Amino acid sequence: MNSRPEISAIVVCFNEEDNIGDCLKSLTWCDEIVVVDSFSTDRTVAICREYTNRVIQRLWGGYRDQKAFAHSQATKDWVFLVDADERVPAELQEEVKDALARFGARCAAFSVSRLVYYLGKWWWRGGWYPDYDIRIFRREGATWGGLEPHERLLVDGRVRKLKHPLHHRSYRDITDHFKRINHFTTLSSKELQSQRKRWRWADSLMRPALRFFYSYFWKWGLLEGFPGFFVAATAAIYVFLKYAKLRELELAVHEPP
């Protein structure tokens with residue numbers, strides 16, 4: 001087996017003192033860790049400096065802009081993008097090392113699934129898993145696209161899927177869940193407006209219902225008891241709010257001075 005190429009881990013964060021230590025601990029096997037922090041006001045930066053001397057503070061410019069900047073600061077041939085609320089379990093660590101050694105010369109990137117832990121359980125059902133996304137990529141040749149808050153990597157070449165998932169602690173609790181729904185639906189509605197998308201009644205009536213059906217029935221969320229119902233309901237609320245906020249933006253244009 002060939003020796004694996006070197007890899008940089010990149011993490012962007014803001015006020016993640018509850019998560020960042022476990023995240024970075026799971027990345028100590030990487031050849032470099034680069035953290036881009038948006039001037040956290042808690043202990044995030046101090047914790048980061050326990051794991052790496054590559055801690056850069058930079059004003060927040062949006063998800064795509066901040067991750068593209070972190071990408072630009074990496075120095076190794078390969079880059080592993082990990083969010084502050086994610087962990088790289090031992091099985092995935094070994095798979096990444098093996099994949100880079102065996103397939104690195106023939107691939108442009110690797111996509112990784114995410115397994116969410118929330119409400120006391122791992123969410124194999126309900127629509128959150130496998131949620132594959134490109135996370136490991138050649139530093140040269142990868143660019144950033146997508147729209148806020150759903151940035152995405154663009155690579156030219158073969159993308160190979162890995163088997164083992166990232167572990168994702170997406171929400172601290174239900175209060176945090178609703179705060180994030182409010183935040184991300186605001187961003188999403190503004191992106192819809194920037195694309196000149198128009199609100200329709202079907203967006204508020206049909207899309208939330210379809211999203212609930214997908215999570216609760218199609219993806220077997222009903223087998224998870226009340227947590228499965230809750231996750232399906234909040235997924236529908238997310239969709240409803242995104243389009244309701246788009247309608248609010250449309251109506252604001254016509255408000256009298």
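Guide: One definition to begin: a charge sits over a ring if NZ of Lys or CZ of Arg is within 6 Å of the ring centre and within 35 degrees of the ring normal. This is a predicted model, so local features need pLDDT of at least 70 and side-chain atom pairs count only at pLDDT 80 or more, while totals for chains, interfaces and linings use all residues. Residues are numbered from 1 along each chain as its sequence is written, and side-chain values use heavy atoms, with hydrogens and water left out.

Visitor: OK. Which ring does the charged end of Lys 161 sit over?
Guide: The ring of Tyr 132. The charged end is 4.5 Å from the ring centre.

Visitor: And what about Arg 58, which ring face does that lie over?
Guide: Arg 58 lies over the face of Phe 69. The distance to the ring centre is 4.3 Å.

Visitor: Now rings with rings. How many aromatic pairs are there?
Guide: A search of the whole structure gives 19. Rings of Phe, Tyr and Trp (its six-membered ring) pair if their centres lie within 6.5 Å; planes under 30 degrees apart are stacked, over 60 edge-to-face, and the rest tilted. One of the pairs is Trp 128 with Tyr 171.

Visitor: How is that pair arranged, Trp 128 and Tyr 171?
Guide: It is tilted. The centres are 6.1 Å apart, and the planes are at 55°.

Visitor: Where do Trp 128 and Tyr 171 lie?
Guide: Both are in loops. Trp 128 is between strand S8 (121-122) and strand S9 (133-138), and Tyr 171 is between strand S13 (166-168) and helix H5 (174-194). So the pair ties together parts that are 43 residues apart in sequence. On the labels: helices (H or I, at least four residues) and strands (E, at least two) are DSSP runs, numbered from the N terminus.

Visitor: Is Trp 128 buried or exposed?
Guide: Buried, with a relative accessible area of 19%. Tyr 171 is partly exposed, at 21%. Buried means under 20% relative accessible area, exposed over 50%, and partly exposed in between (1.4 Å probe, protein chains only).

Visitor: Which rings link into a cluster?
Guide: Phe 212, Phe 213, Tyr 216, Phe 217 and Phe 229. Ring pairs link them.

Visitor: On to helices. How do H6 and H7 pack?
Guide: Helix H6 (residues 201-218) and helix H7 (residues 226-253) pack at an angle of about 155°, with their axes 8 Å apart. Axes are lines fitted to C-alpha atoms, for helices over the stretch in contact, and angles run from 0 to 180 degrees between N-to-C directions. H6 and H7 are therefore roughly antiparallel. Angles under 35 degrees count as roughly parallel, over 145 as roughly antiparallel, 65 to 115 as roughly perpendicular and the rest as oblique.

Visitor: And H5 with H7, what is the angle?
Guide: About 40°, with the axes 8 Å apart. That makes H5 and H7 oblique to each other.

Visitor: What about the loop between H6 and H7, what sits there?
Guide: Trp 220 is in that loop. Trp 220 has a positive phi of about 60° although it is not a glycine. It is partly exposed, at 49% relative accessible area.

Visitor: Where is Leu 119?
Guide: In the loop between strand S7 (114-118) and S8. Leu 119 is not a glycine either, yet has a positive phi of about 55°. Its relative accessibility is 33%, partly exposed.

Visitor: Back to the loop between S8 and S9. What is the peptide bond from Tyr 129 to Pro 130 like?
Guide: It is cis, with omega near 15°. Pro 130 lies in that S8 to S9 loop.

Visitor: Last topic, Ser 38. Where is it?
Guide: In the loop between strand S2 (32-37) and helix H2 (44-48). Ser 38 is buried, with a relative accessible area of 10%. The C-alpha atoms of Ser 38 and Leu 59 are 5.1 Å apart, though these residues are 21 residues apart along the chain.
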